[in-house]
Amino acid sequence: MRKIVSSLLFVVAVVGLFLAQIDLASSFGFRRFNPGGFNNNTSPSPSPSPTPTNGQAADPGVRGGGAGAGDTIAGLSGRQIAFFNQGKQDFNAAEDVPDGLGPRMNLDSCGGCHSQPAAGGSSPALNPQVAFANKDGGTDVVPAFVRANGPVREARFVKNPDGTPDGGVHAIFTITGRTGANGCTLAQPDFAPQLQNNNVIFRIPTPTFGTGLMEMIPDAAIAANQKANVTQKQNLGIKGRPNFQVNGRTISGQTNNNGNDGTIARFGWKAQNKSMLLFSGEAYNVEMGISNDIFQTEREENAACQFAAVPNDVQNMEAGNPFEATTAIQNFSNFMRFLAPPTPSTNTPGGATSISNGRQLFSSTGCALCHTPSFTTSTSTVAALSKKTVNLYSDLLVHDMGPGLADGVSQGQAGPTEFRSAPLWGVGQRIFFLHDGRTTDLVRAIHEHRSGSATQNNASEANGVINNFDNLGENQKQDLLNFLRSL
(Lines give C-alpha, C1' and ligand atoms only; values in the text may rest on other atoms or scores of the structure.)
Protein backbone atom coordinates (compact mmCIF):
# COMPACT_ATOMS: atom_id res chain seq x y z
CA MET A 1 0.00 0.00 0.00
CA ARG A 2 1.24 3.43 -0.86
CA LYS A 3 0.49 5.88 1.95
CA ILE A 4 0.36 9.37 0.50
CA VAL A 5 0.81 11.15 3.76
CA SER A 6 3.12 13.67 5.27
CA SER A 7 3.30 16.43 7.80
CA LEU A 8 3.32 18.87 4.90
CA LEU A 9 -0.18 17.76 3.95
CA PHE A 10 -1.33 18.49 7.46
CA VAL A 11 0.09 21.99 7.29
CA VAL A 12 -1.48 22.56 3.87
CA ALA A 13 -4.83 21.42 5.23
CA VAL A 14 -4.67 23.80 8.17
CA VAL A 15 -3.79 26.70 5.88
CA GLY A 16 -6.52 25.66 3.48
CA LEU A 17 -9.02 25.52 6.30
CA PHE A 18 -7.97 28.98 7.50
CA LEU A 19 -8.33 30.45 4.01
CA ALA A 20 -11.68 28.73 3.54
CA GLN A 21 -12.94 30.25 6.77
CA ILE A 22 -11.83 33.72 5.64
CA ASP A 23 -13.62 33.20 2.33
CA LEU A 24 -16.73 31.99 4.13
CA ALA A 25 -16.75 35.07 6.29
CA SER A 26 -16.85 37.22 3.17
CA SER A 27 -19.47 35.54 1.26
CA PHE A 28 -19.23 10.28 -5.87
CA GLY A 29 -21.67 -9.59 -19.52
CA PHE A 30 -22.99 -11.92 -20.03
CA ARG A 31 -26.38 -13.43 -20.80
CA ARG A 32 -26.43 -16.44 -18.53
CA PHE A 33 -29.81 -17.71 -19.78
CA ASN A 34 -29.65 -16.32 -23.30
CA PRO A 35 -26.01 -15.98 -24.39
CA GLY A 36 -26.83 -14.46 -27.75
CA GLY A 37 -24.04 -11.89 -27.78
CA PHE A 38 -21.26 -14.30 -26.89
CA ASN A 39 -19.29 -16.88 -28.79
CA ASN A 40 -17.92 -19.35 -26.27
CA ASN A 41 -14.51 -18.06 -25.19
CA THR A 42 -14.81 -14.59 -26.63
CA SER A 43 -16.53 -11.47 -25.37
CA PRO A 44 -18.99 -9.49 -27.44
CA SER A 45 -17.41 -6.78 -29.51
CA PRO A 46 -18.72 -3.41 -28.34
CA SER A 47 -21.38 -2.14 -30.72
CA PRO A 48 -20.20 0.98 -32.54
CA SER A 49 -22.36 4.05 -32.14
CA PRO A 50 -24.34 4.31 -35.40
CA THR A 51 -24.51 7.35 -37.63
CA PRO A 52 -28.10 8.58 -38.11
CA THR A 53 -29.32 7.57 -41.56
CA ASN A 54 -32.71 7.57 -43.26
CA GLY A 55 -34.21 9.49 -40.38
CA GLN A 56 -33.55 6.72 -37.85
CA ALA A 57 -32.74 7.79 -34.30
CA ALA A 58 -29.23 6.88 -33.19
CA ASP A 59 -26.96 7.18 -30.19
CA PRO A 60 -25.06 10.48 -30.53
CA GLY A 61 -22.07 8.75 -28.93
CA VAL A 62 -19.83 9.72 -26.04
CA ARG A 63 -20.23 13.44 -25.44
CA GLY A 64 -17.10 15.43 -26.17
CA GLY A 65 -15.70 18.43 -24.37
CA GLY A 66 -14.39 18.59 -20.83
CA ALA A 67 -14.88 15.75 -18.39
CA GLY A 68 -17.45 17.63 -16.34
CA ALA A 69 -16.56 15.35 -13.45
CA GLY A 70 -13.76 14.51 -11.05
CA ASP A 71 -13.85 17.64 -8.89
CA THR A 72 -15.00 18.06 -5.32
CA ILE A 73 -18.57 18.80 -4.34
CA ALA A 74 -19.14 22.47 -3.57
CA GLY A 75 -18.88 23.74 -0.02
CA LEU A 76 -16.16 21.51 1.43
CA SER A 77 -13.87 22.92 4.08
CA GLY A 78 -10.14 23.24 3.53
CA ARG A 79 -9.53 20.18 5.71
CA GLN A 80 -12.11 18.14 3.80
CA ILE A 81 -10.51 19.13 0.49
CA ALA A 82 -7.14 17.97 1.81
CA PHE A 83 -8.65 14.58 2.71
CA PHE A 84 -10.19 14.43 -0.78
CA ASN A 85 -6.82 15.14 -2.41
CA GLN A 86 -5.07 12.55 -0.29
CA GLY A 87 -7.76 10.05 -1.18
CA LYS A 88 -7.45 10.83 -4.88
CA GLN A 89 -3.71 10.20 -4.83
CA ASP A 90 -4.20 6.85 -3.09
CA PHE A 91 -7.11 6.00 -5.39
CA ASN A 92 -4.88 6.45 -8.45
CA ALA A 93 -1.73 4.89 -6.97
CA ALA A 94 -0.57 1.52 -8.30
CA GLU A 95 0.05 -1.20 -5.70
CA ASP A 96 2.79 -3.82 -5.90
CA VAL A 97 3.70 -7.07 -4.17
CA PRO A 98 5.37 -5.48 -1.10
CA ASP A 99 2.16 -3.48 -0.58
CA GLY A 100 0.23 -6.74 -0.35
CA LEU A 101 -1.01 -6.89 -3.95
CA GLY A 102 -2.61 -10.25 -4.72
CA PRO A 103 -1.78 -13.06 -4.65
CA ARG A 104 -4.80 -12.92 -7.00
CA MET A 105 -6.24 -9.71 -8.40
CA ASN A 106 -7.91 -8.04 -11.38
CA LEU A 107 -5.77 -4.87 -11.47
CA ASP A 108 -3.37 -2.90 -9.27
CA SER A 109 -5.23 0.38 -8.72
CA CYS A 110 -8.70 1.79 -8.22
CA GLY A 111 -8.04 4.52 -10.76
CA GLY A 112 -7.19 2.02 -13.48
CA CYS A 113 -10.75 0.70 -13.43
CA HIS A 114 -12.50 3.97 -12.64
CA SER A 115 -11.08 6.59 -15.01
CA GLN A 116 -13.66 7.55 -17.65
CA PRO A 117 -14.04 10.48 -18.09
CA ALA A 118 -12.03 11.31 -14.93
CA ALA A 119 -10.78 9.61 -11.77
CA GLY A 120 -13.75 7.99 -10.04
CA GLY A 121 -15.58 7.23 -13.27
CA SER A 122 -16.16 4.03 -15.22
CA SER A 123 -14.16 1.80 -17.53
CA PRO A 124 -11.80 3.66 -19.91
CA ALA A 125 -11.57 3.19 -23.67
CA LEU A 126 -8.16 1.47 -23.40
CA ASN A 127 -8.41 -1.50 -21.05
CA PRO A 128 -5.43 -1.41 -18.61
CA GLN A 129 -5.85 -5.10 -17.80
CA VAL A 130 -4.14 -6.07 -21.06
CA ALA A 131 -0.84 -4.38 -20.18
CA PHE A 132 -1.13 -5.41 -16.53
CA ALA A 133 -0.99 -9.13 -17.36
CA ASN A 134 2.80 -8.95 -17.79
CA LYS A 135 3.58 -5.91 -15.67
CA ASP A 136 6.65 -6.24 -13.41
CA GLY A 137 7.48 -9.61 -14.94
CA GLY A 138 4.02 -11.12 -14.59
CA THR A 139 3.47 -14.35 -16.50
CA ASP A 140 -0.31 -14.19 -16.83
CA VAL A 141 -2.19 -14.77 -20.06
CA VAL A 142 -4.87 -12.29 -21.09
CA PRO A 143 -8.15 -14.22 -21.28
CA ALA A 144 -10.28 -13.89 -24.39
CA PHE A 145 -12.97 -11.87 -22.65
CA VAL A 146 -10.48 -9.09 -21.80
CA ARG A 147 -9.77 -6.91 -24.81
CA ALA A 148 -7.73 -3.77 -25.35
CA ASN A 149 -10.76 -1.90 -26.68
CA GLY A 150 -13.20 -3.54 -24.30
CA PRO A 151 -14.25 -2.72 -20.75
CA VAL A 152 -12.38 -3.58 -17.58
CA ARG A 153 -13.98 -6.79 -16.35
CA GLU A 154 -14.21 -9.00 -13.33
CA ALA A 155 -15.36 -12.59 -13.83
CA ARG A 156 -17.73 -14.57 -11.60
CA PHE A 157 -18.66 -18.23 -11.82
CA VAL A 158 -22.38 -18.84 -11.51
CA LYS A 159 -22.14 -22.34 -10.00
CA ASN A 160 -19.58 -24.53 -8.27
CA PRO A 161 -18.61 -27.88 -9.83
CA ASP A 162 -21.19 -29.65 -7.63
CA GLY A 163 -23.98 -27.41 -8.91
CA THR A 164 -24.33 -25.29 -5.78
CA PRO A 165 -24.39 -21.49 -6.18
CA ASP A 166 -21.02 -19.76 -6.49
CA GLY A 167 -21.40 -16.14 -7.57
CA GLY A 168 -18.03 -14.99 -6.23
CA VAL A 169 -15.29 -13.16 -8.10
CA HIS A 170 -12.59 -15.37 -9.63
CA ALA A 171 -9.64 -13.02 -9.98
CA ILE A 172 -8.08 -13.01 -13.43
CA PHE A 173 -4.41 -12.42 -12.61
CA THR A 174 -1.76 -13.60 -10.14
CA ILE A 175 1.50 -12.23 -8.73
CA THR A 176 3.49 -15.16 -10.13
CA GLY A 177 6.69 -13.91 -11.80
CA ARG A 178 6.22 -10.32 -10.63
CA THR A 179 8.90 -8.32 -8.83
CA GLY A 180 8.98 -9.29 -5.16
CA ALA A 181 7.01 -12.53 -5.61
CA ASN A 182 9.92 -14.96 -5.70
CA GLY A 183 8.85 -18.51 -4.97
CA CYS A 184 5.15 -17.93 -5.61
CA THR A 185 3.65 -20.15 -8.29
CA LEU A 186 -0.07 -19.85 -8.92
CA ALA A 187 -2.20 -20.85 -11.88
CA GLN A 188 -4.83 -18.56 -13.34
CA PRO A 189 -8.39 -19.85 -13.24
CA ASP A 190 -9.20 -22.11 -16.18
CA PHE A 191 -11.83 -19.90 -17.78
CA ALA A 192 -12.16 -21.78 -21.09
CA PRO A 193 -14.33 -24.71 -19.90
CA GLN A 194 -16.39 -22.40 -17.69
CA LEU A 195 -17.06 -20.12 -20.65
CA GLN A 196 -17.94 -23.15 -22.76
CA ASN A 197 -20.49 -24.16 -20.12
CA ASN A 198 -21.96 -20.63 -19.89
CA ASN A 199 -20.85 -20.53 -16.27
CA VAL A 200 -19.07 -17.16 -16.36
CA ILE A 201 -20.66 -13.74 -15.99
CA PHE A 202 -18.96 -10.37 -16.07
CA ARG A 203 -19.20 -7.08 -14.22
CA ILE A 204 -17.68 -3.75 -15.21
CA PRO A 205 -16.80 -0.81 -12.91
CA THR A 206 -19.64 1.40 -11.75
CA PRO A 207 -19.02 5.17 -11.70
CA THR A 208 -18.52 6.67 -8.23
CA PHE A 209 -19.32 10.33 -8.96
CA GLY A 210 -21.74 11.81 -6.46
CA THR A 211 -21.78 8.72 -4.27
CA GLY A 212 -21.42 10.76 -1.07
CA LEU A 213 -24.74 12.38 -1.90
CA MET A 214 -26.29 9.01 -2.71
CA GLU A 215 -25.08 7.72 0.65
CA MET A 216 -27.06 10.44 2.42
CA ILE A 217 -30.44 9.77 0.78
CA PRO A 218 -32.75 8.67 3.61
CA ASP A 219 -34.25 5.18 3.50
CA ALA A 220 -37.64 6.80 4.09
CA ALA A 221 -37.30 8.79 0.87
CA ILE A 222 -36.44 5.66 -1.12
CA ALA A 223 -39.39 3.81 0.39
CA ALA A 224 -41.78 6.70 -0.27
CA ASN A 225 -40.64 6.92 -3.88
CA GLN A 226 -41.21 3.19 -4.25
CA LYS A 227 -44.86 3.72 -3.27
CA ALA A 228 -45.37 6.71 -5.55
CA ASN A 229 -47.13 6.52 -8.94
CA VAL A 230 -48.42 3.05 -8.06
CA THR A 231 -51.11 2.87 -10.75
CA GLN A 232 -48.75 3.91 -13.51
CA LYS A 233 -46.13 1.42 -12.33
CA GLN A 234 -48.65 -1.41 -12.12
CA ASN A 235 -49.90 -0.69 -15.64
CA LEU A 236 -46.34 -0.98 -16.93
CA GLY A 237 -45.42 -4.00 -14.82
CA ILE A 238 -42.91 -2.12 -12.69
CA LYS A 239 -42.31 -3.35 -9.15
CA GLY A 240 -38.83 -2.89 -7.69
CA ARG A 241 -37.80 -3.38 -4.09
CA PRO A 242 -34.95 -2.41 -1.79
CA ASN A 243 -31.99 -4.71 -1.33
CA PHE A 244 -31.64 -4.74 2.44
CA GLN A 245 -28.10 -4.92 3.76
CA VAL A 246 -26.75 -6.64 6.81
CA ASN A 247 -23.25 -7.56 7.80
CA GLY A 248 -22.18 -11.03 6.82
CA ARG A 249 -22.25 -13.17 3.72
CA THR A 250 -23.40 -11.59 0.48
CA ILE A 251 -22.47 -14.31 -1.98
CA SER A 252 -25.01 -16.22 -4.03
CA GLY A 253 -27.76 -18.08 -2.22
CA GLN A 254 -27.57 -16.04 0.98
CA THR A 255 -30.31 -13.55 1.76
CA ASN A 256 -29.43 -10.81 4.21
CA ASN A 257 -32.36 -11.10 6.57
CA ASN A 258 -30.50 -10.45 9.80
CA GLY A 259 -32.89 -8.67 12.12
CA ASN A 260 -30.12 -6.52 13.59
CA ASP A 261 -29.95 -4.35 10.49
CA GLY A 262 -32.68 -3.54 7.99
CA THR A 263 -31.30 -0.53 6.17
CA ILE A 264 -31.26 -0.19 2.38
CA ALA A 265 -28.05 -0.97 0.53
CA ARG A 266 -27.50 1.06 -2.64
CA PHE A 267 -24.04 0.58 -4.18
CA GLY A 268 -22.99 -2.00 -6.75
CA TRP A 269 -24.82 -3.56 -9.69
CA LYS A 270 -27.24 -5.32 -7.36
CA ALA A 271 -27.20 -2.69 -4.61
CA GLN A 272 -25.26 -5.16 -2.50
CA ASN A 273 -23.11 -2.67 -0.59
CA LYS A 274 -24.35 -0.28 2.05
CA SER A 275 -21.62 2.37 2.20
CA MET A 276 -18.57 3.77 0.47
CA LEU A 277 -16.30 2.38 3.18
CA LEU A 278 -17.67 -1.13 2.75
CA PHE A 279 -17.52 -0.75 -1.02
CA SER A 280 -13.87 0.34 -0.74
CA GLY A 281 -12.86 -2.43 1.65
CA GLU A 282 -14.46 -5.13 -0.43
CA ALA A 283 -13.02 -3.84 -3.71
CA TYR A 284 -9.53 -3.56 -2.20
CA ASN A 285 -9.69 -7.19 -1.11
CA VAL A 286 -11.51 -8.61 -4.14
CA GLU A 287 -10.09 -6.58 -7.02
CA MET A 288 -6.52 -6.09 -5.74
CA GLY A 289 -6.23 -8.85 -3.18
CA ILE A 290 -5.26 -6.42 -0.42
CA SER A 291 -6.67 -7.31 2.99
CA ASN A 292 -7.71 -4.45 5.26
CA ASP A 293 -9.52 -3.39 8.41
CA ILE A 294 -12.88 -4.57 7.05
CA PHE A 295 -11.72 -7.69 5.18
CA GLN A 296 -8.84 -8.94 7.29
CA THR A 297 -8.16 -12.38 5.80
CA GLU A 298 -6.51 -13.10 2.49
CA ARG A 299 -8.57 -14.57 -0.35
CA GLU A 300 -5.58 -16.76 -1.27
CA GLU A 301 -3.69 -17.97 1.80
CA ASN A 302 -0.89 -19.87 0.08
CA ALA A 303 2.02 -19.30 2.49
CA ALA A 304 4.52 -19.15 -0.39
CA CYS A 305 2.65 -16.20 -1.87
CA GLN A 306 2.40 -13.93 1.17
CA PHE A 307 4.90 -11.08 1.12
CA ALA A 308 3.27 -8.54 3.44
CA ALA A 309 1.86 -8.69 6.95
CA VAL A 310 -1.86 -9.47 7.17
CA PRO A 311 -4.05 -7.51 7.06
CA ASN A 312 -2.09 -5.51 4.51
CA ASP A 313 -3.76 -2.15 5.14
CA VAL A 314 -4.51 -1.11 8.74
CA GLN A 315 -4.86 2.09 10.70
CA ASN A 316 -1.62 3.67 11.90
CA MET A 317 -2.40 4.18 15.58
CA GLU A 318 0.96 5.84 16.22
CA ALA A 319 0.41 8.55 13.63
CA GLY A 320 1.41 12.10 14.45
CA ASN A 321 -1.33 13.75 12.42
CA PRO A 322 -4.75 12.71 11.07
CA PHE A 323 -3.53 12.27 7.50
CA GLU A 324 -1.03 9.62 8.57
CA ALA A 325 -3.68 7.82 10.58
CA THR A 326 -6.07 7.10 7.72
CA THR A 327 -6.07 3.75 5.96
CA ALA A 328 -6.18 3.30 2.21
CA ILE A 329 -9.84 2.30 2.28
CA GLN A 330 -10.64 5.42 4.30
CA ASN A 331 -8.75 7.45 1.71
CA PHE A 332 -10.68 5.79 -1.13
CA SER A 333 -14.03 6.39 0.55
CA ASN A 334 -13.16 10.01 1.41
CA PHE A 335 -12.28 10.65 -2.22
CA MET A 336 -15.46 9.06 -3.56
CA ARG A 337 -17.67 10.57 -0.86
CA PHE A 338 -16.52 14.08 -1.74
CA LEU A 339 -16.65 13.60 -5.53
CA ALA A 340 -19.08 15.96 -7.21
CA PRO A 341 -21.83 14.60 -9.46
CA PRO A 342 -21.21 14.88 -13.21
CA THR A 343 -22.14 18.22 -14.73
CA PRO A 344 -24.80 17.80 -17.43
CA SER A 345 -24.74 19.75 -20.68
CA THR A 346 -27.56 22.17 -21.46
CA ASN A 347 -27.11 22.15 -25.23
CA THR A 348 -25.03 19.14 -26.32
CA PRO A 349 -25.93 16.98 -28.13
CA GLY A 350 -28.77 18.19 -30.31
CA GLY A 351 -29.38 21.60 -28.79
CA ALA A 352 -31.30 22.87 -25.79
CA THR A 353 -34.76 22.34 -27.30
CA SER A 354 -34.08 18.71 -28.19
CA ILE A 355 -32.69 18.01 -24.71
CA SER A 356 -35.69 19.67 -23.08
CA ASN A 357 -38.09 17.61 -25.22
CA GLY A 358 -36.13 14.47 -24.40
CA ARG A 359 -36.37 15.18 -20.69
CA GLN A 360 -40.17 15.32 -20.95
CA LEU A 361 -40.28 12.12 -23.00
CA PHE A 362 -38.07 10.40 -20.44
CA SER A 363 -40.89 10.92 -17.94
CA SER A 364 -43.88 10.34 -20.22
CA THR A 365 -42.58 7.00 -21.54
CA GLY A 366 -42.09 5.76 -17.97
CA CYS A 367 -38.28 5.75 -17.82
CA ALA A 368 -38.39 8.03 -14.79
CA LEU A 369 -40.46 5.52 -12.81
CA CYS A 370 -37.29 3.48 -12.22
CA HIS A 371 -34.65 6.09 -13.01
CA THR A 372 -36.00 8.64 -10.52
CA PRO A 373 -34.67 12.07 -11.50
CA SER A 374 -33.85 13.32 -8.00
CA PHE A 375 -33.87 12.86 -4.24
CA THR A 376 -32.88 15.14 -1.35
CA THR A 377 -30.25 14.18 1.20
CA SER A 378 -30.84 14.13 4.94
CA THR A 379 -28.99 16.27 7.47
CA SER A 380 -25.32 15.37 7.35
CA THR A 381 -22.30 16.01 9.55
CA VAL A 382 -20.69 17.26 6.32
CA ALA A 383 -22.43 20.50 5.44
CA ALA A 384 -21.69 20.04 1.74
CA LEU A 385 -23.76 16.83 1.76
CA SER A 386 -26.62 18.11 3.90
CA LYS A 387 -30.11 18.78 2.46
CA LYS A 388 -28.81 18.70 -1.12
CA THR A 389 -30.64 17.78 -4.30
CA VAL A 390 -29.31 14.57 -5.82
CA ASN A 391 -30.05 14.33 -9.56
CA LEU A 392 -28.96 10.72 -9.87
CA TYR A 393 -31.75 9.27 -12.09
CA SER A 394 -32.17 6.08 -10.07
CA ASP A 395 -34.66 4.83 -7.51
CA LEU A 396 -31.86 2.74 -5.91
CA LEU A 397 -34.20 -0.27 -5.95
CA VAL A 398 -33.53 -3.64 -7.55
CA HIS A 399 -35.81 -4.66 -10.42
CA ASP A 400 -36.46 -7.93 -12.21
CA MET A 401 -34.95 -7.45 -15.65
CA GLY A 402 -36.00 -10.80 -17.08
CA PRO A 403 -33.87 -13.48 -18.77
CA GLY A 404 -32.12 -11.11 -21.20
CA LEU A 405 -30.02 -9.38 -18.56
CA ALA A 406 -30.05 -12.21 -16.00
CA ASP A 407 -26.63 -13.25 -14.75
CA GLY A 408 -27.63 -16.18 -12.53
CA VAL A 409 -26.03 -14.62 -9.46
CA SER A 410 -27.72 -13.57 -6.22
CA GLN A 411 -26.29 -10.90 -3.93
CA GLY A 412 -28.06 -9.96 -0.76
CA GLN A 413 -31.75 -10.25 -1.55
CA ALA A 414 -31.22 -9.38 -5.22
CA GLY A 415 -31.82 -12.53 -7.22
CA PRO A 416 -30.40 -13.87 -10.50
CA THR A 417 -32.53 -11.60 -12.70
CA GLU A 418 -32.51 -8.49 -10.51
CA PHE A 419 -30.38 -5.37 -10.82
CA ARG A 420 -30.34 -1.93 -9.27
CA SER A 421 -31.59 0.88 -11.49
CA ALA A 422 -28.24 2.25 -12.61
CA PRO A 423 -27.82 5.99 -11.87
CA LEU A 424 -27.82 7.76 -15.23
CA TRP A 425 -26.02 10.96 -14.29
CA GLY A 426 -22.81 10.98 -16.30
CA VAL A 427 -24.15 8.58 -18.94
CA GLY A 428 -23.32 11.18 -21.60
CA GLN A 429 -19.61 10.41 -21.23
CA ARG A 430 -19.87 6.72 -20.44
CA ILE A 431 -18.41 4.32 -23.01
CA PHE A 432 -19.70 0.88 -21.99
CA PHE A 433 -23.22 0.01 -20.91
CA LEU A 434 -25.01 -2.60 -18.81
CA HIS A 435 -23.47 -4.69 -16.05
CA ASP A 436 -21.22 -6.68 -18.38
CA GLY A 437 -20.28 -3.92 -20.82
CA ARG A 438 -21.84 -5.78 -23.72
CA THR A 439 -22.44 -2.66 -25.80
CA THR A 440 -21.32 0.91 -26.40
CA ASP A 441 -24.58 1.76 -28.18
CA LEU A 442 -27.19 3.50 -26.07
CA VAL A 443 -30.03 2.30 -28.31
CA ARG A 444 -29.00 -1.32 -27.88
CA ALA A 445 -28.60 -0.79 -24.14
CA ILE A 446 -32.20 0.44 -23.98
CA HIS A 447 -33.54 -2.52 -25.95
CA GLU A 448 -31.56 -5.00 -23.84
CA HIS A 449 -33.84 -4.01 -20.96
CA ARG A 450 -36.70 -5.88 -22.68
CA SER A 451 -36.97 -9.67 -22.44
CA GLY A 452 -39.27 -12.46 -21.36
CA SER A 453 -43.04 -12.35 -21.43
CA ALA A 454 -45.99 -12.14 -19.10
CA THR A 455 -47.34 -15.47 -20.35
CA GLN A 456 -44.12 -17.21 -19.31
CA ASN A 457 -44.07 -15.25 -16.04
CA ASN A 458 -40.55 -14.04 -16.67
CA ALA A 459 -41.16 -10.60 -18.13
CA SER A 460 -38.68 -7.83 -17.49
CA GLU A 461 -40.17 -4.97 -15.51
CA ALA A 462 -38.94 -2.67 -18.29
CA ASN A 463 -40.93 -4.29 -21.13
CA GLY A 464 -43.79 -1.79 -21.03
CA VAL A 465 -41.45 1.19 -20.95
CA ILE A 466 -39.36 -0.10 -23.85
CA ASN A 467 -42.56 -0.63 -25.84
CA ASN A 468 -43.43 3.01 -25.17
CA PHE A 469 -39.99 4.05 -26.38
CA ASP A 470 -40.37 2.04 -29.58
CA ASN A 471 -43.75 3.65 -30.23
CA LEU A 472 -42.21 7.12 -30.29
CA GLY A 473 -41.49 8.84 -33.57
CA GLU A 474 -37.87 8.79 -34.70
CA ASN A 475 -37.43 12.49 -33.90
CA GLN A 476 -38.83 11.91 -30.42
CA LYS A 477 -36.49 8.97 -29.88
CA GLN A 478 -33.60 11.16 -30.96
CA ASP A 479 -34.61 13.83 -28.47
CA LEU A 480 -34.69 11.26 -25.68
CA LEU A 481 -31.28 9.90 -26.70
CA ASN A 482 -29.89 13.43 -26.84
CA PHE A 483 -31.23 14.05 -23.36
CA LEU A 484 -29.53 10.94 -22.01
CA ARG A 485 -26.23 11.89 -23.62
CA SER A 486 -26.54 15.39 -22.13
CA LEU A 487 -26.47 13.96 -18.60
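These legends describe close-up views of one predicted model. Residues are numbered from 1 along each chain as its sequence is written, and side-chain values use heavy atoms, without hydrogens and water. Because the model is predicted, local features need pLDDT of at least 70 and side-chain atom pairs count only at pLDDT 80 or more, while totals for chains, interfaces and linings use all residues.

**View A. Helix α2 crosses helix α11.** Helices are DSSP runs (H or I, at least four residues) and strands are runs of E (at least two), both numbered from the N terminus. The axes of α2 (residues 78–92) and α11 (residues 328–337) come within 7 Å and cross at roughly 115°. Such axes are lines fitted to C-alpha atoms, for helices over the stretch in contact, with angles from 0 to 180 degrees between N-to-C directions. The crossing is left-handed, a term for a near helix turned anticlockwise from the far one by less than a right angle.

**View B. Residues where α2 meets α11.** Contact means heavy atoms within 4.5 Å. From α2, the residues in contact are F83, F84, Q86, G87, K88, D90 and F91; from α11, they are A328, N331, F332, N334, F335 and M336. By class, seven are nonpolar, four polar and two charged. Ala, Val, Leu, Ile, Met, Phe, Trp, Tyr, Cys and Pro count as nonpolar, Asp, Glu, Lys and Arg as charged, and the others, Gly among them, as polar.

**View C. The disulfide of C184 and C305.** The structure holds one disulfide, defined as a pair of cysteine sulfur atoms within 2.5 Å. The sulfur atoms of C184 and C305 are 2.1 Å apart, and the link is right-handed, with 95° about the S-S bond. C184 is buried at 3% relative accessible area (buried is under 20%, exposed over 50%, partly exposed in between, with a 1.4 Å probe and protein chains only). C305 is also buried, at 3%.

View D. C110 is buried at 13% relative accessibility, and C367 at 16%.

**View E. T372 in the loop between α12 and β7.** This loop runs between α12 (352–364) and β7 (375–376). T372 is buried, with a relative accessible area of 6%. Not counting residues up to four places away in sequence, T372 touches N225, L392, Y393, S394 and D395. The C-alpha atoms of T372 and I222 are 9.9 Å apart, though 150 residues separate them along the chain.
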